[in-house]
There are 2 protein chains.
Amino acid sequence: MTTLPRLLEAIGPLDDALAAEARRHLDNLTKPPGSLGRLEELAARLAVLRGGPPSVARPVVFTFAADHGVTAEGVSAYPQVVTVQMVENFLRGGAAINVLARQAGARVVVADFGVASPLGEREGLIACPIGPGTANMARGPAMSRAQAIGAIEAGAALAEDAMDAGADLLATGEMGIGNTTAASAITAAITGAPPEAVTGRGTGVDDATWRRKVEVVRRALAVNVPDPRDGLAVLAAVGGFEIAGLTGVVLAAAARRIPVVLDGFISGAAALVAAALAPHAPAAMFAAHRSAEPGHALALAHLGLAPYLELGMRLGEGTGAALFVHLARAAALVYREMATFKSAGVSGPA
Amino acid sequence: MTTLPRLLEAIGPLDDALAAEARRHLDNLTKPPGSLGRLEELAARLAVLRGGPPSVARPVVFTFAADHGVTAEGVSAYPQVVTVQMVENFLRGGAAINVLARQAGARVVVADFGVASPLGEREGLIACPIGPGTANMARGPAMSRAQAIGAIEAGAALAEDAMDAGADLLATGEMGIGNTTAASAITAAITGAPPEAVTGRGTGVDDATWRRKVEVVRRALAVNVPDPRDGLAVLAAVGGFEIAGLTGVVLAAAARRIPVVLDGFISGAAALVAAALAPHAPAAMFAAHRSAEPGHALALAHLGLAPYLELGMRLGEGTGAALFVHLARAAALVYREMATFKSAGVSGPA
């Protein structure tokens, strides 16, 4: 049984001695010290989490879907029905995340955390609906505190199942028309940045819709006034069911010291909530990329994470995280497979 | 028989109509237009080169090795013998490029273009020695014009063999103690940037050695005075045999419109020479990453290329190019495998 307090208690600081050992190992490999740049830093972080040579053999991407009551305010370029249509696309394997996860050798866990249209029993779909979409956060809380906890624990349970089955790297992804509005509100609430600084174009809204979206974020925060130090309060006030589920994935990974890769802006918001609940959680997080959404950089700065890829992506689904799997695997393979100066008979500096 | 004039004549402009067609296809896929950022731009470029859906099924990395007479000036942190020792490491599969190319499903072609110590017949090593290392460019030309042409044509011949065997993406890499000094001089000569702006720490030299290295680059240019518009003159004056070989790989790829991935600073210098010889060659080039070497950004700007990865790497060998293969393959798979809005029954913007 997954309970939130058990997860939070398990998330503590990492051992500094392991970092020094990883650094020593990397400096003995046949290359000038540090010459693989951030790939070495990544390898060292993975080694510290694992307590030895890292491995990225069985990555799993969690692509959680849900709808958002705030779409009633006209904040998205696409109609709400696209959420369920894209879930169908995920199940048929035709979406970007399917293509990129296949390439990365990653399994995709598609879960319904509360899509408005009923999906029914579907092969490959995990049903964890918390409700038929959130309530409209511009007029009151998006969900109850009990729903927030339920969604976190449901996401954590899926992550624990995957780790029990051998997953050695978890990655977050999502689909939900309206969820950049929720992520903007979470990011504003937790980082303290103003709504206009964290709110972006999402799927591609025009200027008028963008201004409306900023006002909706401002109103949601004014109506709900969540305490920024209380992650659950923020999540319940302005979050989303799929976002809460991803918070659960992040917490479950951090509790077992399994690396958890954050995709873009919405995943970053889920991670902000996780860090508010468990201050040591970011030690297990990896920022796959920097999204084109302006709030994402603020979220990553708040988490103390530097993104590895900057490709101007803003699709979500877990696509940036899936691309990052190749870098994480490269770092792990360098750590495990490169020859040392001694084993290869290569001279050191003159 | 590979002859340089034939290659240069084959390198012309690409067809703009193909770019519009690629853009149209990408916009029909189930994602907001442009939401995969630079992955879409990359997919479009690959599609234009191929004249249809791109493929990155058989990548080949060319890791060419040679020694540099300029090491006599004390410009490197490592002794010259490390070049041959690292070639041995490549042949045994223990170097970073072996690890990263294996991961990327890429074959590595290791060729001796002029290592000072004799390597003899070795399984997996291709012998194209132009001489036992270049002459010291600080005191005269590094090589003759005939040697420069010979090395280019030898590199091009290896690239053509690989393309004949089905390679659909070529990548450049190198090993040669002293070759960042040569690359600095080439970059200064062709871009017009001053020696102190293009000269970096290479394998990791200290302040005093860095100042000496800058002076050596300045002296090499003052002694040889190569015409910056004459790529062969620059290569002969201040180049390297492995660099010339890579220029040949770039030209051969561009001549057949096969994508050619540039690794770091030394590969960038080889590409500068290729672009000086064939102004349309950059259309086939992809800048895998931005190296930590300061001259690399200047070289890429001169070529009109924006790097895809920025990981602070500075190892060479082709390591950054091998990492980029995953991104190129991702772009090709997105182009080929994603569902369209129509095929998936997903609604467009409201």
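**Stop 1: a network in chain A**

Select R23(A), D27(A), K31(A) and E40(A): these residues are linked in a network of salt bridges. Keep in mind that this is a predicted model. Why can such side chains pair up? Side chains of opposite charge can do so when their charged atoms come close.

**Stop 2: the residues with these numbers in chain B**

Now move to chain B. Select D27(B) and R23(B). They form a salt bridge, and the closest N and O atoms are 2.9 Å apart.

Next, select K31(B) and E40(B). Here is another salt bridge, with 3.2 Å between the closest N and O atoms. E40(B) is at 2% relative accessibility and counts as buried.

**Stop 3: a link between two helices of chain B**

Select E160(B) and R6(B). Their salt bridge has its closest N and O atoms 3.5 Å apart. Which parts of the chain does this pair tie together? E160(B) lies in helix 6 (residues 145-164) of chain B, and R6(B) lies in helix 1 (residues 4-10) of chain B, so the pair joins parts that are 154 residues apart in sequence. Check the surface again. E160(B) counts as buried, at 10% relative accessibility. R6(B), at 39%, counts as partly exposed.

How many salt bridges does a search of the whole structure find? Over all chains, the total is 32.

**Stop 4: chain A as a whole**

Zoom out. The C-alpha atoms of chain A fill a box of roughly 70 × 40 × 40 Å along the principal axes. Is the radius of gyration in agreement or disagreement with a compact globule? A compact globule of 350 residues would have a radius of gyration near 20 Å, and chain A has 20 Å, so the two agree.

Buried residues make up 65% of the 350 residues in chain A. Now consider contacts in chain A between residues at least 6 apart in sequence. Of these, 77% join residues at least 24 apart.

**Stop 5: where the chains meet**

Bring chain B back. Select the residues in contact across the two chains: 54 come from chain A and 53 from chain B. About 4300 Å² is buried between the chains, and carbon and sulfur atoms give 64% of that area. On the chain A side, pick out Y78(A), Q103(A) and L311(A). They lose the most area to chain B, together 13% of what that side buries.

Now look for charged pairs. There are 2 salt bridges between chain A and chain B. Select E337(B) and R102(A): their side chains meet in a salt bridge, 3.1 Å from N to O.

Which helix supplies the largest share of the side of chain A that touches chain B? Helix 14 of chain A does, with 9 residues. By class, that side has 31 nonpolar, 15 polar and 8 charged residues.

Methods: Residues are numbered from 1 along each chain as its sequence is written. Chains are lettered from A and ligands numbered from 1 in the order in which they are written. This is a predicted model: local features need pLDDT of at least 70, side-chain atom pairs count only at pLDDT 80 or more; totals for chains, interfaces and linings use all residues. Side-chain values use heavy atoms; hydrogens and water are left out. Contact means heavy atoms within 4.5 Å. Buried area is the accessible area (1.4 Å probe) that two parts lose on being put together, summed over both. A salt bridge is a side-chain nitrogen of Lys or Arg within 4 Å of a carboxyl oxygen of Asp or Glu. Helices (H or I, at least four residues) and strands (E, at least two) are DSSP runs, numbered from the N terminus. Ala, Val, Leu, Ile, Met, Phe, Trp, Tyr, Cys and Pro count as nonpolar, Asp, Glu, Lys and Arg as charged, and the others, Gly among them, as polar. The radius of gyration is taken over C-alpha atoms; the globule rule is 2.2 Å times the number of residues to the power 0.38. Buried means under 20% relative accessible area, exposed over 50%, partly exposed in between (1.4 Å probe, protein chains only).
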